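Have the sequence and the 3D view ready side by side.

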Number of protein chains: 2
Amino acid sequence: MTSTQKGTIYLVPTPLDFGCDTSAPIADVLPQATLRVASGLTHWITENAKSTRAFLKRVNEVAPLTVTLQEMQITELPREIHKKGDHQGEFDAKPLLALALKGLDIGLVSEAGMPAVADPGSSVVMAAHQLGIRVVPLVGPVSLLLALAASGLNGQNFAFVGYLPQDSAARLQRIRELETLAMKTGQTQLFIETPYRNKALWEALLKGLQPNTRLARASGITLPTMDVQCHALKDWRSSHAIGDSPTVFAIGK
Amino acid sequence: MTSTQKGTIYLVPTPLDFGCDTSAPIADVLPQATLRVASGLTHWITENAKSTRAFLKRVNEVAPLTVTLQEMQITELPREIHKKGDHQGEFDAKPLLALALKGLDIGLVSEAGMPAVADPGSSVVMAAHQLGIRVVPLVGPVSLLLALAASGLNGQNFAFVGYLPQDSAARLQRIRELETLAMKTGQTQLFIETPYRNKALWEALLKGLQPNTRLARASGITLPTMDVQCHALKDWRSSHAIGDSPTVFAIGK
């Protein structure tokens with residue numbers, strides 16, 4: 001299948017600060033090829049148009065945009081697939097790629113980090129493969145993998161399982177299930193939480209895990225407040241309070 | 001615990017070209033903060049000293065090194081933990097961090113990509129946490145996550161399981177086990193192979209999987225030869241021959 005006349009879908013990672021702490025230069029977390037490609041795109045598919053415009057403004061400071069922000073075509077993915085993910089098979093993203101079939105390059109972005117990983121976007125990538133459109137992922141910050149590497153937990157065998165249940169009994173059960181899996185197979189289990197629920201999850205972890213299970217917490221990855229720690233449960237101290245920065249959690253052997 | 005007087009362990013990602021195709025500028029895949037930190041370090045712990053020197057030579061072209069290559073202190077991790085991983089609990093990396101306890105910053109690198117993820121290094125990170133030494137992961141290319149994002153497979157729930165068995169019967173069994181898991185739980189299963197065995201693994205996948213199972217292949221991530229595709233098994237064509245570039249494979253729903 002030749003697709004030389006078709007456009008390319010670029011997966012464009014964005015800084016992990018959600019536009020909240022933009023004191024760090026964008027070139028500190030995005031390499032030149034990513035900035036160059038992003039600055040040349042005119043069409044975007046995104047989780048959130050507002051944050052994409054803010055992102056492009058920052059790109060423009062170091063790599064001038066080809067067209068003005070007003071001229072950018074920014075299409076938002078439907079809200080309903082944001083949280084539950086694209087993998088319900090209910091959303092067909094092919095219509096969003098009509099211009100790519102005609103030769104136009106399109107950027108796919110999420111609010112922070114890499115689109116389609118713990119973020120919406122995979123339905124668009126899936127549609128691209130179905131249409132024979134080239135998909136090119138660009139280098140940038142990916143909180144899950146930075147957290148895993150910095151945890152010191154097993155990086156040869158790991159899983160990311162998304163969010164845990166909110167109900168406290170169901171959450172405790174899930175925590176123990178993940179712990180059993182990690183201990184039995186050696187597979188590190190990574191998960192995330194909405195920042196304002198960090199504290200509830202943290203307390204549940206301290207309560208639910210065994211003394212020798214290793215528990216890692218990576219907060220504010222790439223931000224000035226970054227803090228990554230990993231200890232056996234029995235070595236975590238109550239002085240290790242958790243804040244409300246975006247945090248990746250991991251349980252391991 | 002205060003650790004202001006201690007050094008920091010920086011996890012320094014490297015280009016994915018293994019030094020083989022260095023035509024792309026290093027600043028295309030490593031952002032400025034990564035290059036700046038790398039250029040300022042004088043002590044390294046690595047999978048391979050030779051490739052680390054080659055990497056530092058490339059860093060030097062865009063961010064001048066603080067000391068000469070000859071003055072760099074480069075310590076190799078023991079060979080035996082390279083392939084089987086650091087997670088046997090047999091290797092105590094604490095002695096390697098003696099200077100970090102005295103205030104020196106140390107860089108941790110592998111041959112390509114992010115140390116401690118599908119690569120040696122986690123024993124060093126674990127030791128750092130045990131000694132109360134700060135761990136800072138830097139942004140750079142991570143083939144697994146770039147491959148996952150570009151596959152269009154489920155990025156809300158995924159696992160990386162390392163290498164599959166080499167014995168063909170055991171490999172087939174493992175392939176079917178991973179397929180069953182992916183279909184039952186929706187968890188994307190990622191794995192890798194030594195490039196010269198790509199073809200054998202690829203043929204086993206085509207033979208072993210069900211017609212509707214989705215199979216992704218991401219070769220040469222970040223390289224000029226990059227090729228990422230994902231199709232239901234029945235839609236892969238014999239014209240899709242596989243080469244011997246580093247490749248990430250994934251099975252999903």
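Start at Ala63(A), which sits in the loop between α2 and β3 of chain A. Those labels come from DSSP: helices are H or I runs of at least four residues, strands are E runs of at least two, and both are numbered from the N terminus. The model is predicted, so local features need pLDDT of at least 70 and side-chain atom pairs count only at pLDDT 80 or more, while totals for chains, interfaces and linings use all residues. Residues are numbered from 1 along each chain as its sequence is written, and chains are lettered from A and ligands numbered from 1 in the order in which they are written.

The scale is simple: 20 or more other C-beta atoms within 10 Å of a residue's own make it buried, 12 or fewer make it exposed, and anything in between is partly exposed, with C-beta atoms placed from the backbone. Leaving out residues up to four places away in sequence, Ala63(A) touches Leu35(A), Arg36(A) and Ser39(A). Contact here means C-beta atoms, placed from the backbone, within 7 Å. Ile74(A) is 11 residues from Ala63(A) along the chain, and their C-alpha atoms are separated by 19 Å.

Now look at helix α1 of chain A, residues 32–40. Its buried residues are Gln32(A), Thr34(A), Leu35(A) and Ala38(A). Seen down the axis of α1(A), they fall within an arc of 160°, so they line one face of the helix. The arc is taken from the directions from the helix axis to the C-beta atoms. These buried residues pack against α2 and β4 (106–109) of chain A.

Next come the strands. Strand β2 (residues 43–46) of chain A runs parallel to strand β3 (residues 73–76) of chain A, and four bridges join them. Strands pair if DSSP finds at least two bridges between them. Thr46(A) stands opposite Glu76(A) in β3(A). Between β2(A) and β3(A) the chain passes through helix α2 (residues 49–62), in a right-handed β-α-β crossover. Right-handed means that, with the strands pointing away from the viewer, the path from the first strand over the helix to the second runs clockwise. β2(A) also pairs with β4(A), again in the parallel sense, over three bridges. There, Trp44(A) faces Gly107(A) in β4(A).

Now bring in the second chain. 52 residues of chain B are in contact with 52 residues of chain A. On the chain B side, the largest share, six residues, comes from α6(B). That side divides into 34 nonpolar, 17 polar and one charged. Ala, Val, Leu, Ile, Met, Phe, Trp, Tyr, Cys and Pro count as nonpolar, Asp, Glu, Lys and Arg as charged, and the others, Gly among them, as polar. Strand β6 (residues 158–163) of chain A runs antiparallel to β6(B), joined by three bridges. Phe160(A) has Phe158(B) as its bridge partner.

Pro137(B) lies in strand β5 of chain B. With 31 other C-beta atoms within 10 Å, Pro137(B) is buried. Beyond its neighbours within four places in sequence, Pro137(B) contacts Leu146(A), Ala149(A), Ala150(A) and Leu11(B).

How do the copies meet? 100% of the interface residues of chain B are also interface residues in chain A, so the copies meet through the same surface.

How values were computed
Contact = placed C-beta atoms within 7 Å.
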